[in-house]
Amino acid sequence: MPPIAERGYASVGVRDVAAAAGVSVGTVTYHFGSVQEILSEAMVLHIERYYAALSEDAAQAAGAAEALRLLVDALFTEDTDRHWRMWFDYWNAGDQDPDQAFARGQAERYEAWHTQIRELAERGVAEGEFSSDDLDGFTVRFAALADGLALQRLRQAPPLRTEDARRHLNRLIETELRRRS
């Protein structure tokens, strides 16, 4: 398991990265300007792979309702706590670093996440599965609720089970994307 996933973003140093990669510290420092740069690249790869898999599953779904259900199910499993912990560490690291490129990269990834949610909802409207007057608002509320539920699940304050997190997101979908008859 990568050092970031084990100990968190802030507690990983160049020696940890070198050891995990099986190279010398000098090799790492030759190719990267800082630990922040290395960790940012690692997080970008993790996030892109994670969301690419979600996109592929959604694209294979028979319809938008099924795609959104698959997305919700994938966001909250017994194995996704590691992803959420890394995601929140990544965002926190952006607050600690004045590097504007880092902040822009974070914003681009979050924008891509919003686009994915919006496109699934649009697909449902276009295919006649859903009706909605506010897809932008739905997108913001879905992303915010997913993030909030993930944080509550990680902190367990108050306790939140995986199936309850899924239920809350599915209820948002049912409430905001009304099924057409």
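Where does P158 lie? P158 is in the loop between α8 and α9. The sections below start with the whole model and return to this loop at the end.

## Model and overall layout

This is a predicted model, in which local features need pLDDT of at least 70 and side-chain atom pairs count only at pLDDT 80 or more, while totals for chains, interfaces and linings use all residues. Residues are numbered from 1 along each chain as its sequence is written, and side-chain values use heavy atoms, without hydrogens and water.

The protein has nine helices and two strands. Helices (H or I, at least four residues) and strands (E, at least two) are DSSP runs, numbered from the N terminus. Read from the N terminus, the order is α-α-α-α-α-α-α-β-α-α-β. The C-alpha atoms fill a box of roughly 65 × 30 × 30 Å along the principal axes.

Of the 181 residues, 41% are buried. Buried means under 20% relative accessible area, exposed means over 50%, and partly exposed is in between, with a 1.4 Å probe and protein chains only. Among contacts (heavy atoms within 4.5 Å) with a separation of 6 or more, 68% are between residues 24 or more positions apart.

## Nonpolar cores

In soluble globular proteins, nonpolar side chains tend to be buried together. A nonpolar core is a set of buried Ala, Val, Leu, Ile, Met, Phe, Trp, Tyr and Cys residues joined through side-chain atoms within 4.5 Å. The largest one here has 41 residues, and L75, W113, F142 and L169 have the most contacts inside it. Two or more residues each come from α4 (35-60), α5 (64-75), α6 (81-96), α7 (100-126), α8 (135-155) and α9 (162-176). Apart from this core lies another of six residues, among them V17, A18, I38 and L39.

Leaving aside neighbours within four places in sequence, L75 is in contact with Y50, L54, T80, W84, W113, F142, A146 and L169.

## Packing of helices

Axes are lines fitted to C-alpha atoms, for helices over the stretch in contact, and angles run from 0 to 180 degrees between N-to-C directions. Angles under 35 degrees count as roughly parallel, over 145 as roughly antiparallel, 65 to 115 as roughly perpendicular and the rest as oblique.

The axes of α4 and α7 are 11 Å apart, at an angle of about 5°, and the two helices are therefore roughly parallel. Residues in this contact include V44, I47 and L54 of α4 and F102, W113 and L120 of α7. The contact has nine nonpolar, four polar and three charged residues. Here Ala, Val, Leu, Ile, Met, Phe, Trp, Tyr, Cys and Pro count as nonpolar, Asp, Glu, Lys and Arg as charged, and the others, Gly among them, as polar.

The axes of α8 and α9 come within 10 Å and cross at roughly 170°, so α8 is roughly antiparallel to α9. Their contact includes F138, R141 and F142 of α8 and L169, L172 and E176 of α9. By class it divides into nine nonpolar, two polar and three charged residues.

E176 is in helix α9 and is buried, because its relative accessible area is 18%. The side chains of E176 and R141 are joined by a polar contact of 2.7 Å. A polar contact is a pair of N or O atoms within 3.5 Å; within protein, one must be able to donate a hydrogen and the other to accept it, and residues adjacent in sequence count only if both atoms are side-chain atoms.

In the loop between α8 and α9 lies Q156, which has a positive phi of about 55° although it is not a glycine. Q156 is partly exposed, at 34% relative accessibility. The peptide bond from A157 to P158 is cis, with omega near -10°.
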